[in-house]
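Colleague: I'd like to go through the calls in this model and hear what stands behind each one. Here is the structure.

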Amino acid sequence: MAVKRCVLLGVGGGIAAYKLAFVASRLVQRGLDVRVAMSAAATRFVGPLTFAGLTGRPPILSPTQTDADGGVPHIDAARAASVYCIAPATAGILAQLAAGAADDPIALLALTCRCPIFVCPAMNDTMWLAPAVQMNVDALRRRGVEFLGPVTGHLAEGYDAIGRLVEPDQIVDRLLQALDGA
């Protein structure tokens with residue numbers, strides 16, 4: 001029997017977090033094993049039970065979490081992952097990733113997984129264009145992180161500009177391409 005390929009989703013704390021429920025659902029429908037890690041801020045936008053229901057597994061909510069079976073999810077999920085996608089990647093998440101911080105499950109998994117990492121930024125245009133954010137983006141690109149977006153579109157602030165999360169279908173398509181190429 002073939003081993004199921006595993007997609008790790010890191011859900012950041014931006015308004016676009018709800019779109020990751022669609023991504024998780026589509027990936028599960030494609031027969032993939034999906035494990036979700038959430039920042040504390042993400043849980044204020046989408047409940048962990050949403051992802052548990054969609055994936056059949058509790059999200060990783062803490063760097064010290066232990067699963068019911070005694071497993072350590074940040075290690076087990078990192079070992080199993082074929083790809084890791086972080087979305088919406090806020091300015092704070094980009095800073096954590098660039099600095100190599102490991103104080104939340106999303107950043108910790110980025111340090112421990114050995115698979116391709118995809119980052120989908122979402123924030124307002126002023127933040128995206130800030131020199132500090134662009135320095136973090138450059139550092140992550142140099143480390144081989146692939147960026148999907150952001151794109152120009154309608155932002156939560158009520159105007160159109162760069163900073164919108166790429167559409168969920170684009171995320172799913174790119175992850176499937178990466179898995180097919182693995």
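Colleague: Which residues does Leu27 touch, if we skip those up to four places away in sequence?

Modeller: Val7, Leu9, Leu32, Val34, Val172, Leu175 and Leu176. Each of them counts because a contact is a pair of heavy atoms within 4.5 Å. This is a predicted model, so local features need pLDDT of at least 70 and side-chain atom pairs count only at pLDDT 80 or more, while totals for chains, interfaces and linings use all residues. Residues are numbered from 1 along each chain as its sequence is written, and side-chain values use heavy atoms, with hydrogens and water left out.

Colleague: What makes a set of residues a nonpolar core, and how many residues does the largest one have?

Modeller: The set has to be buried Ala, Val, Leu, Ile, Met, Phe, Trp, Tyr and Cys residues, joined through side-chain atoms within 4.5 Å. The largest such core has 32 residues, and Val7, Leu9, Leu27, Phe51, Ile171 and Leu175 have the most contacts inside it. Two or more residues come from each of β1, α1, β2, β3, β4 and α8. Helix α8 gives the most, with 6 residues. There's also a second, separate core of 30 residues, with Ile60, Ile106, Ala107 and Val119 among its members.

Colleague: Why is Val7 called buried?

Modeller: Buried means under 20% relative accessible area (over 50% is exposed, in between is partly exposed; 1.4 Å probe, protein chains only). Val7 comes out at 0%, so buried it is. Setting aside neighbours within four places, Val7 is in contact with Leu27, Leu32, Asp33, Val34, Arg35, Val83, Leu175 and Leu179.

Colleague: And what is the relative accessible area of Ile86?

Modeller: Also 0%, so Ile86 is buried too. Ile86 lies in strand β3, where 8 of the 9 residues are buried. Beyond four places in sequence, the contacts of Ile86 are Gly10, Ile93, Leu97, Ile106, Ile117, Phe118, Val119 and Cys120.

Colleague: How do you know that β1 and β3 pair?

Modeller: Strands here are DSSP runs of E, at least two residues, and helices are runs of H or I, at least four, numbered from the N terminus. Two strands pair if DSSP finds at least two bridges between them. β1 and β3 have 5 bridges and run parallel, so they meet the rule. Val7 in β1 has Val83 as its bridge partner in β3, and Leu8 has Tyr84. On to β4: β3 joins it by 4 bridges, again parallel, and Tyr84 partners Ile117 there.

Colleague: Why are β2 and β5 called edge strands?

Modeller: The open sheet has 5 strands in the order β2-β1-β3-β4-β5, with parallel pairing. β2 and β5 each pair on one side only.

Colleague: Which strands does α1 lie across?

Modeller: β1, β2 and β3, at about 175° to β1. That angle is taken between N-to-C directions on a scale of 0 to 180 degrees, using lines fitted to C-alpha atoms, for helices over the stretch in contact. The buried residues of α1 are Lys19, Leu20, Ala21, Val23, Ala24, Ser25 and Leu27, and they pack against β1, β2, α2, β3, β7 and α8.

Colleague: How do β6 and β7 run, parallel or antiparallel?

Modeller: Antiparallel, joined by 4 bridges, with Val151 partnered by Arg164. The two form a hairpin with 5 residues between them, and Gly158 in the turn has a positive phi of about 100°.

Colleague: Where are the cis peptide bonds that you list?

Modeller: One joins Ala87 and Pro88, with omega about -15°, and Pro88 lies in β3. Another joins Gly149 and Pro150, with omega about 10°, and Pro150 is in the loop between β5 and β6. Most peptide bonds are trans.
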